[in-house]
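Here is a short report for a first look. Keep the sequence and the model side by side as you read.

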Amino acid sequence: SAVEYGLDAPFSVEYHDSIPSTNARARDLAGEGTSNVVVLADEQTGGRGRLDRDWHSPSGGVWLSVLFRPDVPMAHAPVFTLAAAVAVTRAAREAGVEAGIKWPNDVLVRHGDTERKLVGILTEMEGEADRVSWVVVGIGVNANVDPADLPDEANPTSLSAERGEPVDRRLFTQRLLEEFHALRQDPESVLDAWREYATTLGKQVRVETPSRTVEGEAVDIQFPGALVIETESGTEIVSAGDCEHLRPL
Ligand code: BTN
């Protein structure tokens, strides 16, 4: 097997009532040479999402970033994003919310025919091709927030809305981080865990990558996070893109 991913050093937690962005703070700490920190905030005033979007982060959510320095090539980093999706899905299920994962890392809750977004994950990194210098995995969970206070386009839901009562954020965050640390140190186990919660596998999908659109049946995931799609013209493997679940014909 494997490259040495192990990192046993304990993590310190830096808490902020309010901060522009926990990812930005973790990146700054990385620049100062720090590692193994969790930056946690009650509210973010400048939260960032993928594709440079804003990420609305009112008080009551769980907004956090994990900074670590795994001994892996840059190309393996997507596995940490999948690990975060699995960790947060497990913590949500323990809190009584039946979350599932849409490839690659959207954690959603089904409501009839629609899927509402519960979590956003943004991974950033720096380093050389053969070894990352640092990785920041940013996880934003709509915990105790009213989805009506979040932008509509995201089709949001929250833990408190799903449960009908607030979640214990301390317990939830603890479980999430425990799961994440375990998976982070055992990347081989991440894909199997991911498959267990995936809502995408077996579905007809359309994936928009920066260069093309691939449509077909999603059949599997491959290390470190690529989706395997059976199309009319053969098997395609896509490593990044926006994925849409299509209705069965
Ligand atoms: C997405 O576009 O779905 C990803 C959203 C990621 C949001 C989290 S909240 C904690 C961390 N800090 C940020 O500014 N963004 C991430």
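## The ligand shell

How many residues surround the ligand, and which are the closest? The shell holds 20 residues, counted when a C-beta atom, placed from the backbone, lies within 6 Å of the ligand. Ser21, Gly49, Gly120, Gly138 and Gly140 are the closest.

This is a predicted model: local features need pLDDT of at least 70, side-chain atom pairs count only at pLDDT 80 or more, and totals for chains, interfaces and linings use all residues. Residues are numbered from 1 along each chain as its sequence is written.

Four elements each give at least two residues to the shell: α1 (22-31), β3 (62-68), β6 (114-128) and β7 (131-141). Helices (H or I, at least four residues) and strands (E, at least two) are DSSP runs, numbered from the N terminus. By class, the shell has 11 polar, six nonpolar and three charged residues. Ala, Val, Leu, Ile, Met, Phe, Trp, Tyr, Cys and Pro count as nonpolar, Asp, Glu, Lys and Arg as charged, and the others, Gly among them, as polar.

## Helix α1

Buried residues of α1 are Thr22, Asn23, Arg25, Ala26, Arg27 and Ala30. Buried means that 20 or more other C-beta atoms, placed from the backbone, lie within 10 Å of the residue's own. Their cover includes β1 (12-19), β2 (37-44), β3, β6 and β7. Gly33 follows α1, with a positive phi near 95°.

## Two domains

The domain assignment, automatic or from a database, gives domain 1 (12-197) and domain 2 (204-245). Their C-alpha centres lie 23 Å apart. The contact (C-beta atoms, placed from the backbone, within 7 Å) takes 12 residues from domain 1 and eight residues from domain 2.

Conventions:
Contact = placed C-beta atoms within 7 Å. Buried ≥ 20, exposed ≤ 12 C-beta atoms within 10 Å, placed from the backbone.
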